[in-house]
Amino acid sequence: MSSVQLSDFEEKFQDPSDVLNDALNGCFIEASKVMSPNGLKVYLDAAGALHAMGKGEDLVISFLEETPMVVKEVGESIIGEIVFSIMKMTSQTSAAVIVLMISSLPNVAKRMSDFDLMKSYLRLLERMITLAPRGMRPMLNNIDLLTSKLTLGGLRRWVLYGAETFKRDFKAQIAYFELSSAESLEILEQERRGTLFIDNQRKLQFYLRAFYNRNFFLRPTSGDYDTKRGLRPYIEYGVMHIPDAFDDFKHASGKVIPGIECYRAVCTHAAAHITETSSSFKGDDLNPLQVACVSLIEDLRVELNTIKKFPGMKKIWISLHPEEADLEGLNSFIVNLVDFSRATLDSNYKIKQSFNSNFHNIFIKKMAESGDSSAMSYDLGLRYYELLKSKTDLKISASALVSSPIIYRDDNRYIWNYDEQDWISEGNDYVPASQKQIKSISNNLEMHNEDDENSVDDAQEIWVQESEHSPEEFDGISLSELEDKEPVSEPFHYNEWDYQLQLYRPNWATLYERRLKKGDPEVINKILIKYKPIANQLKNSIDQMQPQGLIKLKKQQEGSELDLDACVSALADIRTGITPSDRIYVKKVQHIRDVSVNLLMDLSESTNDKVVGSEQTILELMKEATSLLSWAIDKIGDNLMIAGFASDSRHDVQYYRFKPFHYSFNDEVKGRLSGIKGGLSTRMGAAIRHAGVDLLTQPSAKKILLVLTDGEPADIDVEDPQHLRMDAKKSVEELRSHGIITFCISLDPYADEYVSRIFGKNRFMVIDNLQKLPERLPQLFISLTK
């Protein structure tokens with residue numbers, strides 16, 4: 001019998017109707033079954049407070065009837081959160097919408113099954129009611145469908161996209177949230193995932209308990225705002241953090257592993273670490289490749305020990321190892337790690353590398369001697385690193401190390417201890433702020449959506465459009481025909497990154513390629529005469545950059561002579577019982593420069609300003625600098641393109657080609673350079689993406705984008721100064737993932753902070769003395785392309 005009596009709260013409900021009185025009596029009995037006395041008191045106090053608001057009895061009755069079912073799913077702590085949300089939202093929408101929101105909570109709670117998730121869902125509703133109140137009713141009418149298809153992170157992205165995009169178009173806003181618009185369904189399909197964590201959390205907990213006879217704490221990572229892939233699994237403070245959704249894992253051979261099997265593999269591997277890893281390793285003095293090797297050995301140690309107890313786990317772990325076709329295009333270091341891992345777990349696997357076979361024997365022997373000690377993994381991992389160092393190319397990007405092809409293994413932060421950890425924590429709905437995460441870097445050029453099935457922009461279509469403006473066609477156009485008109489290309493559509501929503505706005509920016517009228521080539525010739533002393537200074541540097549005959553490449557598998565250092569290392573390996581490297585020769589090859597550079601100039605209105613202490617404008621100095629650079633590059637023979645951009649809102653980003661790739665520095669190009677004009681704004685992200693497409697058409701081994709600007713990204717239709725900065729930063733990351741080096745030359749003396757954030761440390765130069773620009777730009781090019 002509850003110590004709380006309904007009669008104790010009669011004064012909170014003055015003159016209730018018969019319907020409200022019946023609801024109080026009936027709901028009190030149901031609430032007593034799922035709530036503690038303290039929870040009942042909070043529940044009835046909250047109902048009384050809602051009654052006192054005078055918003056109608058329907059709201060109070062709905063709260064009384066639905067809240068016990070929510071409490072049953074996620075706990076009575078949610079009562080206060082529900083009341084807080086109702087209080088906050090009543091001033092922004094009608095009581096009828098609040099009643100609809102309350103009525104939807106039990107089904108949502110069944111989907112969430114967690115207090116923190118439910119709390120985050122309520123916070124999302126509060127944010128939406130502020131941004132798009134007209135969309136609340138139609139969304140709540142579809143909430144069961146939405147929560148059955150989307151993770152909480154996906155729902156958040158879908159909601160905020162609609163709220164931000166259609167905040168001033170009320171008709172379109174309603175159509176979006178009632179799922180009747182094409183864009184709404186498109187974004188929904190983009191965010192839709194396969195197997196949801198919230199559907200399987202309890203099953204996974206029971207699954208682990210059946211093996212270990214103990215409870216494990218599982219939490220979803222909702223850090224999939226950027227790539228929809230979620231974060232890599234990780235363990236922190238004894239809690240398993242697992243992606244909130246898994247698609248079926250598809251091998252290149254066509255073999256498919258269901259999403260639920262992926263979850264089981266993730267959970268059992270994490271449980272193996274929690275039960276088998278006894279101490280952490282000190283990682284401050286190790287490089288990332290050493291950390292990766294030690295981590296692999298520890299992963300295999302705990303898995304082999306677990307397989308001894310539960311042999312059936314071997315099958316599921318092996319099934320999620322990449323097959324040979326899955327590894328095509330990956331770095332050789334990663335391929336060798338996977339080869340060793342698969343061979344250690346699968347006795348039927350034919351190992352690819354002989355040195356991995358030899359080291360596998362050493363590892364199995366060590367496991368028999370001291371397999372119960374984590375210290376073994378540290379020593380053996382460093383030894384394995386030295387072996388790989390002598391056998392394979394260790395040039396690998398940080399993103400390739402972070403994005404492991406073995407998807408079920410966590411990021412191993414659980415086994416490492418650093419004096420100063422710097423985990424990145426962004427966009428996590430469910431994890432306390434004190435818990436931080438490593439954010440995977442995406443691997444695709446996000447000028448188009450990463451998955452073909454979800455793509456809005458078709459990459460192949462972009463290339464077709466690009467060919468319409470290739471150098472060959474440029475050469476075939478009569479330039480005299482262009483004197484009195486500006487030809488405009490077909491539109492190019494690019495996604496734009498919204499840092500607040502943490503997703504791309506599809507087809508948001510429209511770019512047109514234009515041509516300015518040609519100026520007088522003699523203007524450029526006069527510039528070259530003016531800077532003849534600087535040109536003479538550059539001559540020696542230019543001569544040094546010309547191909548200089550043969551160069552020697554060490555540690556080759558074949559060559560004309562022996563590499564003495566490699567031979568000494570090989571002899572040392574032989575004496576220690578390690579198979580020596582066969583890379584013991586020196587090869588002589590012809591040195592050939594293979595570089596393509598796109599110099600992209602900001603031609604916004606501010607470039608027409610005069611330089612302090614000079615009669616020249618910024619644009620005139622940029623013209624002089626690019627002319628001198630073009631002269632220098634023409635002497636070297638490198639593949640240089642000079643382009644410019646400006647913008648007049650997202651609907652008209654203008655892109656100009658002054659010197660296409662493979663064009664010599666002739667009078668036609670000089671005329672184009674002399675006709676450069678400044679105007680409009682600086683929507684940098686779209687221009688960078690388009691310049692990246694230009695560079696990707698070039699076969700050069702080294703591709704560089706130089707951005708020359710006098711200010712930060714801005715446009716007339718953007719109020720938030722951070723929006724275009726973050727989009728530009730994202731565009732730079734996209735190009736970097738495709739091997740394009742992006743470097744910024746800023747003429748803004750106060751640019752250090754925002755330019756560093758956009759382009760990265762050591763990827764920018766701020767020129768305070770603008771009159772030095774013509775001299776500094778060619779010198780910078782030479783240093784970047786050596």
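Trainee: What span does helix α2 reach from its first C-alpha to its last, and what span is expected?

Mentor: This is a predicted model, in which local features need pLDDT of at least 70, side-chain atom pairs count only at pLDDT 80 or more, and totals for chains, interfaces and linings use all residues. Residues are numbered from 1 along each chain as its sequence is written, and side-chain values use heavy atoms, with hydrogens and water left out. Helix α2 (residues 37-52) has 16 residues and reaches 23 Å, close to the 22 Å expected at 1.5 Å a residue. The expected span is 1.5 Å times one less than the number of residues. Helices are DSSP runs of H or I with at least four residues, and strands are runs of E with at least two, numbered from the N terminus.

Trainee: Which residues of α2 are buried, and what do they pack against?

Mentor: Buried means under 20% relative accessible area, exposed over 50%, and partly exposed in between (1.4 Å probe, protein chains only). The buried residues of α2 include Leu40, Tyr43, Leu44, Ala47 and His51. The buried residues pack against α1 (18-34), α3 (57-74) and α4 (78-90). An α-helix has 3.6 residues a turn, so residues three or four places apart point the same way.

Trainee: Why is glycine 678 called partly exposed?

Mentor: Its relative accessible area is 22%, and glycine 678 is therefore partly exposed. Glycine 678 lies in the loop between α26 (667-674) and α27 (684-696).

Trainee: What is glycine 678 in contact with, leaving aside its neighbours within four places in sequence?

Mentor: Contact means heavy atoms within 4.5 Å. Among the residues in contact with glycine 678 are Leu603, Glu605, Asn608 and Leu619. Asparagine 608 is 70 residues away in sequence, yet 6.1 Å away in space, C-alpha to C-alpha.

Trainee: What makes strand β17 mostly covered, and in which sense, parallel or antiparallel, does β16 pair with β17?

Mentor: Seven of the seven residues of β17 (residues 653-659) are buried. Two strands pair if DSSP finds at least two bridges between them. Strand β16 (residues 639-647) and β17 have six bridges, in the antiparallel sense. Strand β11 (residues 503-514) and β17 have four, in the parallel sense.

Trainee: Which residues stand opposite one another in these pairings?

Mentor: Phenylalanine 645 stands opposite tyrosine 655 in β17, and tyrosine 656 in β17 is the bridge partner of arginine 514. In the hairpin of β16 and β17, serine 649 takes a positive phi near 80°.
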